[in-house]
Amino acid sequence: QVQLMESGGGLVQPGGSLRLSCATSGSGLSINMMGWYRQAPGKERELVARIISGISTNYAGSVKGRFTISRDSAKNTVYLQMNSLKPEDTAVYYCNVGGNIGLGYYTYWGQGTQVTVSS
């Protein structure tokens, strides 16, 4: 059983910063992808950032230069440092982890954490 525990969301003023964390627990998963998605009210869930094999990173164009994804492999934890936050960053942020258990590939989702950017 693999579980994801997210933390770090909250209310912040425009221009402020937040750091999201997602810790993975459970046995057997060989993680090769960790990422963050977000879903604003009335919109589809979208990729924010992901890190593959602990090396390669992808970012949505709207967050490039403001958000940074990183991974602590020893702790099986992924972080999303969000700077210069804008009201349009307001959404529920979901952690997504993918990896192998035996020959199968599986993905898991966190429960989501609310980020609200407002003055």
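Two strands are taken to pair if DSSP finds at least two bridges between them. Strands themselves are DSSP runs (E, at least two residues), numbered from the N terminus. The model is predicted, so that local features need pLDDT of at least 70 and side-chain atom pairs count only at pLDDT 80 or more, while totals for chains, interfaces and linings use all residues. Residues are numbered from 1 along each chain as its sequence is written, and side-chain values use heavy atoms, with hydrogens and water left out.

On these terms, four strands form an open sheet in the order S1-S3-S8-S7, with antiparallel pairing. Five bridges join S1 to strand S3 (residues 18-25) in the antiparallel sense. Within this pairing, Glu6 has Cys22 in S3 as its bridge partner.

Strand S4 (residues 30-39) is mostly covered, with seven of its ten residues buried. Buried denotes under 20% relative accessible area, exposed over 50%, and partly exposed the range in between (1.4 Å probe, protein chains only). S4 pairs with strand S9 (residues 91-101) over nine bridges, in the antiparallel sense, and Tyr37 stands opposite Tyr94 in S9. S4 also runs antiparallel to strand S5 (residues 46-52), to which six bridges join it; here Gly35 is the bridge partner of Arg50 in S5. The hairpin of S4 and S5 has six residues between the strands, and Gly42 in this hairpin takes a positive phi near 80°.

S5 pairs in turn with strand S6 (residues 56-59), antiparallel and over four bridges. Ile51 stands opposite Thr57 in S6. The hairpin of S5 and S6 has three residues between the strands, and Ser53 in the turn has a positive phi of about 55°.

A search of the whole structure finds one aromatic pair. Tyr37 and Trp109 form this pair, which is edge-to-face, at 5.0 Å centre to centre and 65° between the planes. Rings of Phe, Tyr and Trp (its six-membered ring) pair if their centres lie within 6.5 Å; planes under 30 degrees apart count as stacked, over 60 as edge-to-face and the rest as tilted. Tyr37 lies in strand S4 and Trp109 in strand S10 (residues 104-109), so the pair ties together parts that are 72 residues apart in sequence. Tyr37 is buried, at a relative accessible area of 19%, whereas Trp109 is partly exposed, at 40%.

Two charged side chains sit over tyrosine rings, Arg19 over Tyr79 at 4.0 Å from the ring centre and Arg45 over Tyr94 at 3.7 Å. The criterion is NZ of Lys or CZ of Arg within 6 Å of the ring centre and within 35 degrees of the ring normal.
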